[in-house]
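Here are a few worked exercises to go through with the model open. Try each task yourself before reading its solution.

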Amino acid sequence: MLQQKNSPSQDTNMVMKSSHSDVLIVGSGIFGTSTAYHLSQSHASLRVTVLDRAPAPSPSAASSDINKIVRADYSIPFYMDLAYEAMQSWIDSPLLSRYFHQTGWVALDEKGSDLSTRIRKNLRESGRPDTSADITLDEVKTRWDGVLSGIDTTGCDKAYTNSSAGWADASSAVEAMMAEAAEAGVHHEVGEVVELVVADDVDRRQKLEGVRTADGRRFTGDKILLATGAWTPWLMSPLEKTLHVAEQDGIRRQIQAAGVCVAAFELSDDAEAERYSRMPVLIYGSKGEVMPPSKDRLFKFTNSNTFLNTKLHPDTGQEISVPEPDQKDVPLALKDESLDVIRQRVPEVLDNGRSPDDWRICWDAVSPDQNQLITRHPDPRLSNLFLATAGSFHSWKFLPNIGRYVVNVLNGKSNGPEKDEAWAWKRAWAARGAHEKVLPTREFADISKS
């Protein structure tokens, strides 16, 4: 258990300078930030350090973005319930409600797909008010002052709306939650972790001691939480080699780093921004989303064509998918692919040769069933190592509440059979996942060559 420390007279400055913590959190995306916040609320006297390569919000994290979807529309009731719980905070929390924009959403379903049918069934059976409604494809084009009048509905056969959904200012919300945690005593350090450091304990048994940063500093912790997202397999590979962890028991069986291309337009004036602000979040079948403009007038388009980036790890010789260091370096083939999908959704935004003003490759850790990985490491030699990762491109909305469950795992406390099973280290996976469309099927190197 995480034990409270009775040390009210402790010199705060000395604690802040110490490299040892009761809990060391590596990574300040949504998992690391939410955990730090909930630790600060429930275990105020613990020494908690968050270590990331950049100040919060860390720009390379999947959680750092223009905006993210907040919705409870899931084909799996487990995540629908978790999302409803999060949405209550998005609506009511004094800290987070200012970042949530409840615009609703409209989702188009492709011919032959039963996704919306399964989602609507869950919403109706949840016992909550059903805020979803059918809408015809023609109505998609005429509603919201005709903002989506140019949408190509070829290949779709139905659509529905849900007024409870919306979007949130992504980076701003993460930054606010980390600031609140820091105000409560959590220490945030900047440094790029390059090694997980193993040491012998008093009985000459190997254990994880801490981490080493690129500039040579060491940070140690009684409990170490990796909230390192897409970088987790690359970071853990040398540790697994040192400990002779069998291939079938390794981290690469649990998660892989996957990337996806995101494009955004800087809207030229207030009138244009106001026009597109009338629209809800648009879910364009399995192809991606369109988000209403942000406060900075950025109009964002995503797609679901994910990919791996397999490299040979220089220290282990293993082939591991890892993010590219420059997220703004987007190959022409990916840009052309994105433009094709943008043209199907809001074609007029490309009038007169206009193209996106901002491109990014967003990297996240994806698990085979798209469940998060929130667990203690199963190897008894790593009993102080915990993981909170595998966002699988759908976890950002859980910023308000996911950390509460991570704290339970750190405490050795069950989150209930369903959550414990969903988030556990696994040997087998469910046939259907929570966010199947994001499973990668191609390699970044192949795209870059085309």
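**Exercise 1.** Does Thr 35 count as buried or exposed?

*Solution.* Before starting, note that this is a predicted model, where local features need pLDDT of at least 70, side-chain atom pairs count only at pLDDT 80 or more, and totals for chains, interfaces and linings use all residues. Residues are numbered from 1 along each chain as its sequence is written, and side-chain values use heavy atoms, with hydrogens and water left out.

- Start with the cut-offs: buried is under 20% relative accessible area, exposed is over 50%, and partly exposed is in between (1.4 Å probe, protein chains only).
- Thr 35 has 0% relative accessibility, so it counts as buried.
- Helices (H or I, at least four residues) and strands (E, at least two) are DSSP runs, numbered from the N terminus.
- Now list its contacts (heavy atoms within 4.5 Å). Skipping neighbours within four places in sequence, Thr 35 touches Ile 25, Leu 225, Gly 403, Val 406, Val 407 and Leu 410.

**Exercise 2.** At roughly what angle do the axes of H2 and H10 cross?

*Solution.* 

- The axes of H2 (residues 30-42) and H10 (residues 402-410) cross at roughly 70 degrees and come within 7 Å.
- That makes H2 roughly perpendicular to H10, given these classes: under 35 degrees is roughly parallel, over 145 roughly antiparallel, 65 to 115 roughly perpendicular and the rest oblique.
- Check who makes the contact: H2 brings Ile 30, Phe 31 and Thr 35, among others, while the H10 side includes Gly 403, Arg 404 and Val 407.

**Exercise 3.** Which residues of helix H4 are buried, and where do they point?

*Solution.* 

- In H4 (residues 115-125), the buried ones are Ser 116, Ile 119, Arg 120, Asn 122 and Leu 123.
- Looking down the axis, they fall within an arc of 160 degrees, so they line one face of H4. The arc is that of the directions from the helix axis to the C-beta atoms.
- As for partners, these residues pack against H3 and the strands S5 (105-110), S6 (132-135) and S7 (156-162).
- Just past H4, Gly 127 adopts a positive phi of about 85 degrees.

**Exercise 4.** Where is Leu 96 placed?

*Solution.* 

- Leu 96 lies in the loop between H3 and strand S4 (100-101).
- With 2% relative accessibility, Leu 96 counts as buried.
- Beyond neighbours within four places in sequence, Leu 96 contacts Ser 89, Trp 90, Ala 173, Met 177 and Pro 400.

Definitions and conventions:
Axes are lines fitted to C-alpha atoms, for helices over the stretch in contact, and angles run from 0 to 180 degrees between N-to-C directions.
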